[in-house]
Amino acid sequence: MTGKQPDISSPPRRTRLLVTRPAEDAEPLVGRLDALGFDAAVEPMLSMVWLDGPEPDLSDVQALLFTSANGVRAYAKRTSRRDRPVHAVGDATARAARAAGFTDVGSASGDVYALADRVRGLLDPTAGVLLHVAGSKVAGDLAGMLASSGFTLRRSVMYDAVPALTLSDDTATFLRTSALDGVLFFSPRTAVSFVRLLAEAGLVDCCRTVDAFCLSPAVAEAARAYGDRGVVPWRSVRVAARPEQDALLDLLPVAG
């Protein structure tokens with residue numbers, strides 16, 4: 001009579017997610033995903049290049065507008081001044097501003113439209129210029145939206161976001177072997193870059209077993225588009241209820 005054989009089968013694989021954010025933003029997100037029970041790999045679609053330049057002139061500025069945490073980081077590299085109120089596009093950007101030493105920080109908890117609404121509701125257009133610290137490419141016409149209400153916005157370009165040139169070997173292998181369950185997209189530009197690299201690597205069809213988790217409808221549109229009229233065959237494309245990281249994470253399946 002033989003005893004019961006030990007179970008030597010390997011444990012089930014944890015759900016693997018791909019984070020496409022720049023490295024500066026990906027690191028804390030990976031830690032959070034790991035705590036939630038996911039395996040997270042990082043494939044930055046944009047790399048930040050901090051641009052040299054003079055310290056910003058704040059003499060006529062009533063408030064600073066930040067539409068990304070990278071704007072906060074770029075500003076902090078240029079100057080130690082933290083004596084102007086900050087209005088941030090979302091909660092993550094507001095947290096970055098507080099971490100950088102700002103004390104008067106408010107969040108629109110949304111997108112550039114929500115930020116424009118916040119500014120119009122709280123600030124006086126005759127009180128001074130609004131300084132928007134931004135990258136070389138911006139989403140939405142924040143200056144135009146505020147100009148219609150009498151505000152003057154001065155955009156200061158302090159960084160550039162350079163698109164990735166190739167997919168890593170690890171990501172390509174995950175896709176080819178159906179070892180990737182989902183991709184997290186936070187901006188249309190990163191989604192466009194990822195789809196372009198998929199096509200160049202001949203891996204578009206591998207997305208049939210992968211879910212796309214998107215921060216907004218505009219991000220989802222960019223993740224779907226392939227070539228002139230093609231559509232990326234994602235298993236599903238899911239859109240956050242509001243353009244905030246917590247809402248995006250709410251879309252994720254139960255970890256496993």
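The model is a predicted one, in which local features need pLDDT of at least 70 and side-chain atom pairs count only at pLDDT 80 or more, while totals for chains, interfaces and linings use all residues. Residues are numbered from 1 along each chain as its sequence is written, and side-chain values rest on heavy atoms, with hydrogens and water left out.

Leucine 153 belongs to strand S8 (residues 153-163); strands (E, at least two residues) and helices (H or I, at least four) are DSSP runs numbered from the N terminus. Apart from neighbours within four places in sequence, leucine 153 is in contact with Leu65, Leu130, His132, Leu142, Ala143 and Leu146, contact meaning heavy atoms within 4.5 Å.

Threonine 93 lies 60 residues from leucine 153 along the chain, and 19 Å separates their C-alpha atoms. Threonine 93 is part of helix H3 and counts as buried, with 7% relative accessibility. Residues up to four places away in sequence aside, threonine 93 touches Phe66, Thr67, Ser68, Ala69, Val72 and Ala88.

Helix H3 (residues 91-99) also supplies the largest share of the lining of the largest pocket, with 5 residues. A pocket is an open set of points on a 1 Å grid over the protein atoms alone, where a 1.4 Å probe fits, with protein on both sides within 12 Å along at least five of seven lines; lining residues have an atom within 4 Å of a point. The space in the largest pocket is about 1400 Å³. Its lining comprises 48 residues, and those closest to the centre are Thr67, Ser68, Phe186, Ser187 and Leu215. By class, the lining has 23 nonpolar, 15 polar and 10 charged residues. Domain 1 (48-162) and domain 2 (165-226) each contribute at least three residues to this lining.

Which residues of helix H8 (residues 217-224) are buried? They are Val219, Ala220, Ala222 and Ala223. Viewed down the axis of H8, these buried residues fall within an arc of 160 degrees, so they line one face of the helix; the arc is that of the directions from the helix axis to the C-beta atoms. The face turned away from the buried side carries the exposed residues Pro217 and Glu221. The cover over the buried residues of H8 includes strand S9 (182-185), helix H7 (188-201), strand S10 (211-214), strand S11 (225-226) and strand S13 (236-239).

Key: Buried means under 20% relative accessible area, exposed over 50%, partly exposed in between (1.4 Å probe, protein chains only). Grid points are joined across faces, edges and corners, and a volume is the space filled by probe spheres set on the points. Ala, Val, Leu, Ile, Met, Phe, Trp, Tyr, Cys and Pro count as nonpolar, Asp, Glu, Lys and Arg as charged, and the others, Gly among them, as polar. Domain bounds come from an automatic or database domain assignment.
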